[in-house]
Amino acid sequence: MLLSEQDQFLSYNGEVLIFQLSKPKHEEEADDKTMNLCVRRMAFNRDTKLFVQKSFGVFSMHAQSKIEMICCSCTTDSRTGIILPCILMKKKRRNNVKYFVLFLHSSNQFEQSFCFKLDYELKEDIRLFAGPSVLWRHANKLFYISSNTCVVQSAPVQLSSVVWTGEIVGEGTVVLGIRTACLPETEEAGAFSPSDRAIWGSEFFGYAIQTEKVLTGTCFMPHAYSRVVSSVYICKTDRLKKQLRISLVAITHKNQLIWFQSGVPKGVCELPYEKPCLVKTAVTSSNDLLFVVSFASGNSCVVRRRDSLQVASKWQKVKCVLVDDFIGSGSEQLLLLFKDDSNTDVLNTFKITDLGEVNYESGINYKHDVPAAEGLQENGLLTVRALETRLQAGWTSVRELQQHLGLQKRVILESCRALIDLVEERTHILPDAKEEGLVSLWDDVENPAHSLSKEASLASKVPEHFTEELWQRVVGDSLVVGVKLTESFYLSLSDVSLSLVMDQDFSSISSIIKCQSKIIKLNKAFSALTVSSSQIEPPPKKMKLDLHRKNDLRKEFPKRYSRIQLDGAKTVTAVTSLSPLLAFHRVCCVVLLHARKQNHQNDSLQQSKKITVLCGKIFLSLEDISNGRYSVKMLRDNSYCTGSVEDILAVLAVSVRFSFQILSSDCTLTPVSSWLLGEMECTPFKECQDNIFCHKAGNVHGTIFNWTLKNPFEGILIIFCRNLTVLFQCLHSLTRVLPPSCRVKLLRSGSKAVLTERLALALEKEMLTLQNSLFLKETKAENSLTWGNESGKKINNAPLASLLDTEEGVQQFRKKLQNEREESVRSMNQTMSGALYQKTALKIAEAQLSSDMIVWRLS
């Protein structure tokens, strides 16, 4: 499609929108009163390095006079808060001029927002801003109209030019302009020198539209610059002690670009061309702030701000410059559309650059750009293959060495066990050589059956080394005690918890300290996972419900123990209040671990016994707390957070875990990362950059975040915070930076698919528990019936006719009927002991509670 001078270009979400006015092509639509506003959505294809058309939209208008496009911009729709492309159109009539504003939606449908009529044409300082609203200058007066009122309003200010329109924190929509300076009333006009008159002839000021408030120009720039400034771009605004602080860049009629901060010039740069008319900014992938300056002659240049302002690049014959993320890299680039004399096609001559790694230009065949690189690539491939072979050989040697060291360790351990058995006068049974990967030098003698059972009995008496470390930390008003367990010991336990018992003898108080236990695991990826002992996942193994296969049931049921297959060591923590302990100045506490030890046997159902293990003692004193001996130390070191594993576990132990799903339908979720690293002042841990620690002063300090981006529009945010107040503060701060269309949803523990599978397994376990109780009852009934049949076995064998012939036979027959009646009543009314009933009811209640808990999570 051919380009014309009246075409408008606009960048929106990485796409280029081209608006064109044209007549209908079809003859039946060819009417002089019809005009089409066409829009083409063009996107950059990184494979072909060209812009391709994604979609097309048309808006038909009927007019007897000429229709023109005035300007276009991306503004906020006040109804939804969504930023949409907006176009201002003009329809000139005999007596008046009609203007109307159009919105372009994602479906390429145009919507007329509002219209208004004037008896003059808009020519000076026309701006589109949020609402949508239109602002213009006429006869040195400021006028504006919005979609909310649809009435033209006049501002009570006189101005000679408008240099910027936008949002300022705490002020709303602000118009920056230049007006005639108000001379001090206390001084006479003749008292000013010609130079003073030249300086005070005009001044820079701001006008807030919503509040109708006039802002002094000294917070923007000194009055002396107001005579030469032609355009302004405000980069940052904030408030400090109710005082407005503004950072802006301005271009002047003297061909200069000046950087102002809080009204003070901080840098100046000479521009390479004359008559600069517009300035905008771009933030590249290297976090460089670029100032893009456009000139009336059609030229453009880029000024880089590092140590000083310097011209980084310049171009001539530029049609327009757009700033957006055109290649989808997450940062902004410049799109320069050059004037093409041939005027053949849309976006025929362009350049995409960020003055760094990104550099795409039309007319270059990138497939054959560097033919000499093919030989280099082939040589590089051969070199990589050779290095991979050497690396594989080295890895094989390392693996063999590890196997050899492991074998040495097992031999030394077996020698220690043999020495212990020799001292305790027990028979030591050597392991099988094949199992150890050894070749026996003697003829192996098979162990008899009784030796195997004896080995099992001796192995249970061998003491286990179950703890690796005992530590303590102080987090706020909480004392955290942790016990690191070995992998083998933890997998054989269930219902693990810690308790603290004071070693001193205090008669007035209880020696048992109230605390809360948690099981925390840090896996290889260093992502925290808090697991409660009552939330053990049922195993995925299925069982066949068969009441008659009792032996198979006994064999399968012991396998349904806790199967938490997690990598890395597990730590059991106990959290208790610190202030009651400090009342005794010096405290010595005994750390006890409580758990259920799983016993798996082939001839009985799964059983467990309660065990209590002494883990050690901890000592606590007021001097240690004052000196910060057990305090958590999370410091910054080169943009990372330094802290030991114990410090991280302590923070997780006192924190509550919340998971949130963040969905965005209209824009990417890049503000979340900026919010975490910027406003929340978070730094990632060195071991894993997915988990970041909040260093911001206040209540939120010490909060741990985990941000996972599934796709550009969906992510999972996990927050480990101390209480709900901190959670609400974090969410309040997050919602201020998220777009209005984002949805934040609280997630329960576990996904829906996993919870559904757990519910099925929990219901299966509940049925098996009921089956087990019925199985015990049925066994007792069979035994009682067998006992009754044995007592009447002699009567059943006797002929019925012979029993009724004699009086003694009749008595025996009566006794037989009485016994059968009692057996029938006994079989129908089976009873069990109170202890057995209590145990069975407890198992059924636990199974039902587990399934009900999963149903609640799914709801």
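Author: Happy to! Let me begin with a word we will need: a residue is called buried under 20% relative accessible area, exposed over 50%, and partly exposed in between. Please also keep in mind that this is a predicted model.

On one side of the pairing list is β21, residues 276-283, which pairs with β22 in the antiparallel sense over 7 bridges. To find your place in this pairing, look for P276, which stands opposite F295 in β22. The two strands form a hairpin, with 5 residues between β21 and β22. In that turn sits N287, whose phi is positive at about 60°.

The other partner is β23, residues 300-305, which runs antiparallel to β22 and is joined to it by 6 bridges. Here a handy landmark is V293, whose bridge partner in β23 is C301. This pair of strands forms a hairpin too, with 4 residues between β22 and β23. In this hairpin G298 takes a positive phi near 95°.

As a rule, most residues other than glycine have a negative phi, and most peptide bonds are trans.

Start with N140, in the loop between β10 and β11 (141-146). Phi of N140 is near 60°, which is positive in a residue other than glycine. Is N140 buried, exposed or partly exposed? N140 counts as partly exposed because its relative accessibility is 38%, and that value falls between the 20% and 50% limits.

E681 lies in the loop between α9 and β41 (682-684). E681 is not a glycine, yet its phi is positive at about 55°. Its relative accessibility is 34%, so E681 also counts as partly exposed.

For the peptide bond, go to G131 and P132: a cis bond joins them, with omega about 5°. You will find P132 in the loop between β9 (124-129) and β10 (133-138).

Next, a buried loop residue. S362 sits in the loop between β28 (359-361) and α2 (373-423). With a relative accessible area of 15%, S362 is buried, because that is under the 20% limit. What does its side chain reach? The backbone oxygen of N348 is 3.5 Å from the side chain of S362. A polar atom of that side chain also lies 3.0 Å from the backbone nitrogen of F350. Setting aside neighbours within four places in sequence, S362 is in contact with N348, T349 and F350.

Finally, let's see two helices meet. The axes of α9 (residues 670-679) and α10 (residues 724-737) come within 10 Å and cross at roughly 125°. The crossing is right-handed. Where they meet, α9 brings P671, V672, W675 and E679, while α10 brings C730, S733, L734, R736 and V737.

Key:
Residues numbered from 1 in each chain as written. Predicted model: local features only at pLDDT ≥ 70, side-chain atom pairs only at ≥ 80, totals over all residues. Heavy atoms only, no water. Pairing = 2+ DSSP bridges. Buried < 20%, exposed > 50% of the residue type's maximum accessible area, 1.4 Å probe, protein only. Polar contact = N/O pair within 3.5 Å; in protein donor to acceptor, adjacent residues only side chain to side chain. Contact = heavy atoms within 4.5 Å. Axes fitted to C-alpha atoms, helices over the stretch in contact; angles between N-to-C directions. Left-handed = near helix turned anticlockwise from the far one by under 90°.
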